[in-house]
Amino acid sequence: MGYQELSDNLIEVSASGSSTELDSVLQLPASWRLHHGDSLPSPRAAFRLVGPRDAPVVAVLGGISAHRYLVGPEGWWPEVVGPELGVDTTRFRVLGIDYLGGWGESSTPDGELKFPPVSSFDQAEILRRVVAHLGLRSLHAIVGASYGGMVALSFAARHASSVDRIVILSAADRAQVLSTAWRSVQRQIVREAIARGDGAAGLKLARALAMATYRSQTEFAMRFGGPAVRDAERFRFPVEGYLFARGDDYVQKYRAESFLALSESIDLHDVDARQVRTPATLIAVREDQLVPFNDMQALAARLAGPNQLIEINSIFGHDAFLKESATLNPILQNALAEQ
């Protein structure tokens, strides 16, 4: 696999027949004015485009831990994005980005300088810049799950002419107050740990707490309903091992400062759904604690454009978009079909 410099800093990673993979970091205007009024010096946006050269382009955006790699073993959604899957890479080119403030090669906290507040509108704007950079008239669709769904709604509200349809999984036009309460505690845990010089320890605890909100009561009762076990120190509950193992795994990949930036961005999210006229498919999970079904119903009622609300059930709650590929793939195929 070779690297070839293309025009305007675009790098062709590989090409085989009619299929290509493009990977690049787009340098944005020198002092980027963010949605909440702060400036971001020398901003950059990393993106990756994979699929048939002349196929329609579908942008795929995930939660705050997601990144521009979508397909294959390095991708964060390999059960949904790929040949003949929900987002079929034989029919579409798929575009992924690294979020501002998040994991990857887009502008992100360096652990030294204070990183400014980032909005879902800012993520939508860098996606729009990438679309323009690629010379695309518009996106065939944006598929957004969790935080990515918030970004998709922001994009449709601001840049309706640049996307034909949106598919929103477990995301609403504003954060649910109880969910903000949980995330506020998580962020304070991380802030206090950073102040002590051990941000990773705080991030481990915050992630453990977050996992308890991602999943459902039913799943936890099924998996961890056994009795506590006493050791030399104390009683230990079955669910503890799972939660803290997930926290340990998370700190190997993500930084505390990036978690703070994007967790806060979720709670600052607020889109006027009456400005969203783009056709929308909404997928809601009955067991989702973070984005309750009623919030998705309310979003559907407020959207100005045509929309369809699809309800699914899953013991995985908010994480259903990562776990229920067999259910989601046919839904996504239908939502993305040419109309």
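Reply: Let's start with α7, which gives the most to the lining of the second largest pocket, with 4 residues. This is a predicted model, where local features need pLDDT of at least 70 and side-chain atom pairs count only at pLDDT 80 or more, while totals for chains, interfaces and linings use all residues. Residues are numbered from 1 along each chain as its sequence is written, and side-chain values use heavy atoms, with hydrogens and water left out.

A few terms first. A pocket is an open set of points on a 1 Å grid over the protein atoms alone, where a 1.4 Å probe fits, with protein on both sides within 12 Å along at least five of seven lines; its lining residues have an atom within 4 Å of a point. Points are joined across faces, edges and corners, and volume is the space filled by probe spheres set on them. Helices are DSSP runs of H or I, at least four residues long, numbered from the N terminus.

By class, the lining has 9 nonpolar, 1 polar and 6 charged residues (Ala, Val, Leu, Ile, Met, Phe, Trp, Tyr, Cys and Pro are nonpolar, Asp, Glu, Lys and Arg charged, and the others, Gly among them, polar).

For context, the largest pocket has a volume of about 920 Å³, and 42 residues line it.

Notes
Helix = DSSP H or I, 4+ residues; strand = E, 2+ residues; numbered from the N terminus.
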